[in-house]
Amino acid sequence: MPTAYVFTEHGGPEVEAFADLPVPEPGPGQLLVAVRAAGVNPVDWKLRAGKRRPGQGPLVGPEVLGSEVAGVVERVGPGVAGFAVGDAVFGNPVTGGYARFTLVPAGVAAHKPQGVSFTDAAVLPVAAATAYDGLRQLGLPAGATLLITGAGGGVGVAATQLARHFGLRVVGTAGAAKKEFVESLGAVHVARGPRLAERVRESAPGGRLDAVFDLVGGADLPEVAGLLSDRTKLITAAAKETVGELGGAPVARARTAAVLAELARLAAAGVLRPHVTATYPLARAGEALRAVEGGHAQGKIVIEVG
């Protein structure tokens, strides 16, 4: 069985391939993790298509896909404290997640609670952490009304649950097929489509919104932005390059172990349910990524590594 699923150059699905790669060696501050599960996210295919993270150099050789994992510590790099071989952990890898082994900086790793599965823990570092960071950035008081666009997707599901836990009223946009699912999370569902802003206003308590957490971008973003009197309460994880023109801001990611530890606590307490709706073995990693790239996935999709 190949050890990793990679892309060899920038492009479409045709540049993806399985590869046998050597087990990486943990450097200072790093953990070598035997992967048990890897979350699948839109950023994965966007990186394959040509997006590069801030400070990331050009693509050199095969790059392993995947931005969040859960697994077991195999080796501990120099200078690491608080982790030991055999610990169950989750976090953001620096050498990709669709693999049997990866490196995770200790600063973006946390211990997996015993009552949380590897599959559920694997979807906390990207989607759930983005949701948590965005809600903290908005700083809304209990009782405020928040619009979440794309409430049925990975980030949206976490954001809706956390917002309800923080005492917010939530209106969530999603496709008509996700109506029952979005309502089960405690949100008022509004189907995407024509007259979106008008229909959101009709569905919001008192006909007003206090904030917008956008996860869709596109034409929906400027339309719903017009519902806000205070554009500082407009944030997005989907249109970072253009939201400033509307007076809003991108989600400010904390990317800390403290945030991951809090998400683990909330998951263990049953407050945050990851809603993993499909799992794939590593041998079908391409299928898992297609399911997310198609844009219609409900909840989260995970690759389970034997």
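This is a predicted model: local features need pLDDT of at least 70, side-chain atom pairs count only at pLDDT 80 or more; totals for chains, interfaces and linings use all residues.
Let me start with Leu 32, which counts as buried at 1% relative accessibility, where buried means under 20% relative accessible area, exposed means over 50%, and partly exposed lies in between, all with a 1.4 Å probe and protein chains only. Leu 32 sits in strand S3, and here strands are DSSP runs of E with at least two residues, while helices are runs of H or I with at least four residues, both numbered from the N terminus. Residues are numbered from 1 along each chain as its sequence is written, and side-chain values use heavy atoms, with hydrogens and water left out.

Leaving aside neighbours within four places in sequence, Leu 32 is in contact with Val 23, Pro 24, Pro 26, Val 72, Val 73, Glu 74, Arg 75, Phe 101, Thr 102 and Leu 103, contact meaning heavy atoms within 4.5 Å. Val 94 lies 62 residues from Leu 32 along the chain, and their C-alpha atoms are separated by 11 Å. Leu 103, one of those contacts of Leu 32, is also 105 residues from Arg 208 in sequence, and those two are 46 Å apart in space, C-alpha to C-alpha. Arg 208 belongs to the loop between helix H6 (196-203) and S12, and with a relative accessible area of 47% it is partly exposed.

After H1 comes Gly 50, with a positive phi near 135 degrees.

Among the buried ones are Gly 154, Gly 156, Gln 161 and Leu 162. From first C-alpha to last, H4 reaches 17 Å, close to the 16 Å expected at 1.5 Å a residue, where the expected span is 1.5 Å times one less than the number of residues.

On a 1 Å grid over the protein atoms alone, a cavity is a set of points where a 1.4 Å probe fits but cannot get out, and lining residues have an atom within 4 Å of a point; points are joined across faces, edges and corners, and the volume is the space filled by probe spheres set on them. The lining includes Val 123, Leu 124, Gly 154, Val 157, Leu 272, Arg 273 and Lys 300. H3 and H4 are the elements that give two or more residues to that lining, and the largest share, 4 residues, comes from H4.

As for the nonpolar cores, a core is a set of buried Ala, Val, Leu, Ile, Met, Phe, Trp, Tyr and Cys residues joined through side-chain atoms within 4.5 Å. The largest has 42 residues, and those touching the most other members are Phe 90, Leu 146, Ile 148, Leu 162, Phe 213, Leu 263 and Leu 272. H3 gives this core its largest share, 7 residues. Apart from it lies another core, of 29 residues, among them Leu 31, Leu 59, Tyr 280 and Ile 301.

Finally, H8 has buried residues Val 259, Leu 260, Leu 263, Ala 264, Leu 266 and Ala 267. They cover an arc of only 165 degrees around the axis, which puts them on the same side of H8. What covers them includes strand S6 (88-91), strand S8 (109-111), helix H3 (124-138) and helix H4 (154-165). In the loop between strand S14 (249-250) and H8 we find Arg 255, which counts as exposed at 51% relative accessibility and has a positive phi near 50 degrees although it is a residue other than glycine.

Technical notes:
The arc is that of the directions from the helix axis to the C-beta atoms. On a 1 Å grid over the protein atoms alone, a cavity is a set of points where a 1.4 Å probe fits but cannot get out, and a pocket is an open set with protein on both sides within 12 Å along at least five of seven lines; lining residues have an atom within 4 Å of a point.
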